Amino acid sequence: MISFADLISAIRHRIRLVLLVCGVVFLAIAALGFTRPRAYTATSSILVDLTERDPVSANSANGSDNSSVLESVIGTQQDIIRSDAVLSEVVQRSPQFQSAALGDTPTERNQNGLTMLRRDLAISSEKGSNVIRLSLTAKSPEAAAKTLNLIVDTFLTKQVTLRSGNARGNAKWYDARTRDVRDRLEAAQSRLSDFQRQHGIVGMNRMDVEADRVRNLSTELVAAQAAAAVAQSKSGSTAQPEVAQSTIVQDLQRESGLQAGKVAELSKTLGPNHPDMLAANAQLAALRGQLASARSVQAQALTAASSAAGRRESSIRADLAAQQTRMLALSGVQDQLNVLQRDVDAARATYDTVRQRYNEATLQSEVSQANASRLDRAVPPTLPSKPNLILWIIAAIVMGAGAGLAAAIGQEMLAPRLRTPSGTARALDLSVIADMTDVNSGTTGWRAPRKEAMA
């Protein structure tokens, strides 16, 4: 077995062989690498603007997980880039995919070009990032950069077309549905109006109005009953305060009192048959008659007020009974009215929803910008991506060095030589007692060893 010192010595003495084999292998691998077909990879990146919302769907993502929304949007954009809608247009617009080598017919060339483009196109994105990175490999750097830029341009244009085109179709559909829903709303409103006219109902809260009227009539009836009772208790009585408080009665009472005082004064000096005395008594009697007549009139007025209060009570009682009967009649009608009103409300809600969706679709159909933008434009790469010349050169150096060392070790194994004292002692199973140096040649050798005598 060759020791490490013998190996180093062997390589040092066979350095020419090592360098020769290393150079040959290096040149062979380097030549193979430089002669392989070249492929160039151009790169570009697209920024997807997640903050941009459609004018009418700004709250479409509320309540959802931002990470899941990001992954969904980025995945959708990547699928659009890989779709036939984008890549087929790129194939048709790129002369390199229309060569006769890809097929005899245009359809065959387009299909083969599409397959080749999908194979050479790589799309990736980092987790949590809204940047999409694209790379395209082609035989020439100019073709790689030009085709990749065409892919990005087509994607941005197609994205606007897809968004506005789909919304335009939705707008047409919602426009047609709007007319149907509006007709149903008008029909429901017409049925409700006819029903209200047929039953003499104004407004939807008719039962509430009728109930308020019943409550008002009940309150008026209670007040009328109290007033009738009071008026009836005073009816026909001249001793009521209202009679005494009458102005006519008070005036007659005052005049009667004055006349009675005058008669009393005359009676002190005149006899009962005196003409002045007789005239004063006659006048007093007349005033008292008038006072009695006035009190009778006031009592009759109280009787009339009592009759009026009774009539008012009866009238209010009749109105209350009629109102209660009307409410009972309207109770069934109100249920039908509520059903018709709910139909109108449902039709109106449907119409409002469809109309809102139509407005949203109309605004979306007018979108003129994509929600993505190009971060950097692809430029022709300087170095090829295949083969990787740096890796080939490193591999050539490593493999050349390995081949040179292997050649030196193999030759040493086939023709071994004694190069070091330890190697010589191990090969001959002898102990080295001395070494010497050939001064003239400058080489180092060893004196012939001998075995020590055995005891």
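Start by selecting Leu 134. Leaving aside neighbours within four places in sequence, Leu 134 is in contact (heavy atoms within 4.5 Å) with Ala 42, Thr 43, Ser 44, Ile 46, Ile 81, Leu 121, Ala 122, Ile 123, Leu 148 and Ile 151.

A word on what you are viewing: this is a predicted model, in which local features need pLDDT of at least 70, side-chain atom pairs count only at pLDDT 80 or more, and totals for chains, interfaces and linings use all residues. Residues are numbered from 1 along each chain as its sequence is written, and side-chain values use heavy atoms, with hydrogens and water left out.

Next, select Ile 81, Leu 117, Leu 121, Leu 134, Ile 151 and Phe 155, the residues with the most contacts inside the largest nonpolar core, which has 32 residues. Such a core is a set of buried Ala, Val, Leu, Ile, Met, Phe, Trp, Tyr and Cys residues joined through side-chain atoms within 4.5 Å; buried means under 20% relative accessible area, with a 1.4 Å probe and protein chains only. Among the elements that each supply at least two residues are helix H3 (66–82), helix H5 (106–120) and helix H6 (141–199). Helices (H or I, at least four residues) and strands (E, at least two) are DSSP runs, numbered from the N terminus. Which helix gives the most to this core? H6 does, with nine residues.

Apart from this core lies another, of 14 residues, including Ala 171, Tyr 174, Val 181 and Ala 361.

**The sheet**

Now show the strands. Four of them form an open sheet in the order S2-S3-S1-S4, with antiparallel pairing; two strands pair if DSSP finds at least two bridges between them. S2 and strand S4 (372–376) stand at the edges with a single partner strand each, so one side of each has no neighbour in the sheet.

Zoom in on S2 and S3, which are joined by four bridges.

Then move to Ser 45 in strand S1. Is Ser 45 buried or exposed? Its relative accessibility is 3%, so Ser 45 counts as buried. Not counting residues up to four places away in sequence, Ser 45 touches Val 131, Ile 132, Arg 133, Ser 373, Arg 374, Leu 375 and Asp 376.

**Last stop: a helix**

Finish with helix H9 (residues 247–269), whose 23 residues reach 34 Å from first C-alpha to last. Along H9, look for the buried residues Val 249, Leu 252, Ser 256, Gln 259 and Val 263.

Methods:
Expected span 1.5 Å × (residues − 1). Buried < 20%, exposed > 50% of the residue type's maximum accessible area, 1.4 Å probe, protein only.
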